[in-house]
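Please look over this structure with a metal site and charged side-chain pairs in mind. What can be read from the atoms?

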Amino acid sequence: MKNLKLITYPHLALKTKSAKILVFDDELKKIIAQMKSIMHADKGIGLAGNQVNILKRIIIFLSDPGDSASETITLINPKIISASNETKIDKEGCLSCPKKEVEIERAIKITVLGRNENNKRQKVKAKDLLARSIQHEIDHINGKLILDYEKN
Ligand SMILES: [Zn+2]
């Protein structure tokens with residue numbers, strides 16, 4: 001398998017909607033393992049498949065964004081099943097848009113469903129920065145960047 005690397009704006013993969021994963025094989029596990037290495041090396045709190053030019057619906061993120069040693073959670077085909085009406089505007093950065101910060105309004109609390117690399121169902125309840133991080137990564141697999149929130 002090729003070595004994956006982080007891509008940055010304006011790479012076309014960042015603007016592309018990723019495909020649902022139907023096959024949970026060793027190739028998928030290798031992709032996820034590489035994504036984890038890249039996220040940690042670049043001191044990110046989350047990473048999406050699109051950011052390593054893999055157009056599949058994979059996101060990973062630190063379970064505690066304030067602690068780089070916290071567990072990394074993998075969600076395949078993630079779907080937000082509930083979101084709080086209460087939102088917050090805060091600055092967001094992105095490994096694929098270096099030196100850029102954009103103020104984005106996000107739901108404060110969300111519940112997300114997905115699968116792990118073994119096709120086991122995962123349900124994640126998140127709030128605050130973790131909820132923001134997950135919403136940011138789900139944007140990525142839909143081809144959306146923080147730059148798309150910029151007001152002209
Ligand atoms: Zn990002």
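The questions and answers below take up the zinc site and then the salt bridges of this predicted model.

Q: Which residues coordinate the zinc ion?
A: Donors are N, O and S atoms within 2.8 Å of the metal. The zinc contacts lie at 2.0 to 2.2 Å. One is an SG atom and two are NE2 atoms. The coordinating residues are C94, H136 and H140.

Q: What spacing do the donors of the zinc ion follow along the chain?
A: The donors are C94, H136 and H140. Along the chain, their spacing reads C-x41-H-x3-H.

Q: Why are H136 and H140 separated by about one helical turn?
A: Both residues belong to helix α2, which covers residues 128-141. About one helical turn separates them because, within that helix, they are four residues apart.

Q: How many salt bridges does the count come to?
A: The rule asks for a side-chain nitrogen of Lys or Arg within 4 Å of a carboxyl oxygen of Asp or Glu. By this rule, the count is seven.

Q: Which parts does the salt bridge between K36 and E117 tie together, and how many residues apart are they in sequence?
A: The side chains of K36 and E117 meet at 4.0 Å, N to O. K36 sits in helix α1 (residues 26-41), and E117 in the loop between β6 (109-115) and β7 (121-127), so the bridge joins parts of the chain that are 81 residues apart.

Q: Which residue forms a salt bridge with E150?
A: The closest N and O atoms of this pair are 2.8 Å apart. E150 lies in the segment after α2 and its partner in the loop between β4 (87-92) and β5 (102-107), so parts 50 residues apart in sequence are tied together. E150 is partly exposed, at 33% relative accessible area. Its partner is K100.

Q: What is the relative accessible area of K100?
A: K100 is partly exposed. Its relative accessible area is 30%.

Q: Which residues are linked with D139 in a network of salt bridges?
A: D139 forms a salt bridge with R106, with the closest N and O atoms 2.9 Å apart. D139 is in helix α2 and R106 in strand β5, so this pair ties together parts 33 residues apart in sequence. Both D139 and R106 are buried. The network links D139 with E92, R106 and R132.

Key:
Residues are numbered from 1 along each chain as its sequence is written. This is a predicted model: local features need pLDDT of at least 70, side-chain atom pairs count only at pLDDT 80 or more; totals for chains, interfaces and linings use all residues. Side-chain values use heavy atoms; hydrogens and water are left out. Donors are N, O and S atoms within 2.8 Å of the metal (3.2 Å for Na, K and Ca); water is not among the atoms, so sites may look incomplete. Helices (H or I, at least four residues) and strands (E, at least two) are DSSP runs, numbered from the N terminus. Buried means under 20% relative accessible area, exposed over 50%, partly exposed in between (1.4 Å probe, protein chains only).
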